[in-house]
Amino acid sequence: MGTLTATSLSSASSHLNLIPRRPFGTKIKNPILHNPFSYQHPTNSHLPSYQFKRAKFELSTAISSTDTVPAADQSSKDASFGQETENSEKDEKFDWYAQWYPVMPVCDLDKRRPLGKKVMGIDIVVWWDRNENEWKVFDDTCPHRLAPLSEGRIDQWGRLQCVYHGWCFGGSGDCKFIPQAPPDGPPIHTSSKACVAAYPSCVQNGILWFWPNADSQYKDIFSKEKPPYIPEIDDPSFTNRMLTRDIPYGLTGKEGDQLR
Ligand code: FES
């Protein structure tokens, strides 16, 4: 399941239909889009059409020099060329879990209640942290008994509270309160096992983005790498309209295996 955030922009003098770029900078070869629902694009929809254009390649013929290369030299060149090709393929391997992904336009989010979504196959919960004044994206799984946190609520202290046994979480994913724990007992809520995975997130162009890796090395990823920016969306001389549509898709076969 993926989330498509589409934006159409227009101004008096120009009209642009912008579509989000497929994960950014990827050089995946021949992705196979598998859509089990065979989605038909409605003719009157505002959703921009995706057009997969074939790259035009020019064929050229290299003319060999008349110099002959000794067989031993040639085989060592071939081996080194093969090694370089293999290395460059390794270098180009696209890491799907080290990219920014759009979750929702902020205008479609409700600060009063958590929202569950599935993006990149990950169940996430989006909620407004009024203590830190920002949107948070957590793994949608309570560390206690795995209940979906998106079924919970925002408590009176502005924490995300699980619907099942009432554990409460702060904006860093830290457990703040366990109702069943005796007040004079050990502070079990401070255990790392009581924490939820909190994904890096940010708002840009009016869209909430998340980075689908909660490892601590990505904690400040926004300061090093930003989501793709579309200046026209923030330009007041343009008007824009956003919509989201969930589309189940995946990569199958050899191409999918290569991405794992
Ligand atoms: S499952 Fe969430 S508090 Fe028990």
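User: What makes strand S4 and strand S5 a pair?

Analyst: In this predicted model, where local features need pLDDT of at least 70, side-chain atom pairs count only at pLDDT 80 or more, and totals for chains, interfaces and linings use all residues, strand S4 (residues 115-119) and strand S5 (residues 122-129) run antiparallel and are joined by 5 bridges. Two strands pair if DSSP finds at least two bridges between them, so S4 and S5, with 5 bridges, count as a pair. Residues are numbered from 1 along each chain as its sequence is written.

User: What lies between S4 and S5 in the hairpin?

Analyst: The hairpin leaves 2 residues between S4 and S5, and methionine 120 in the turn has a positive phi of about 55°.

User: Why are S7 and S10 called edge strands?

Analyst: The open sheet has 4 strands in the order S7-S8-S9-S10, with antiparallel pairing. Strand S7 (153-154) and strand S10 (175-177) each pair on one side only, and are therefore its edge strands.

User: How do you know that S7 pairs with S8?

Analyst: Strand S8 (residues 160-161) is joined to S7 by 2 bridges, the two running antiparallel, and isoleucine 154 stands opposite leucine 160 in S8.

User: What makes a run count among the strands of the protein chain?

Analyst: Helices (H or I, at least four residues) and strands (E, at least two) are DSSP runs, numbered from the N terminus; on that basis the protein chain comes to 4 helices and 14 strands.
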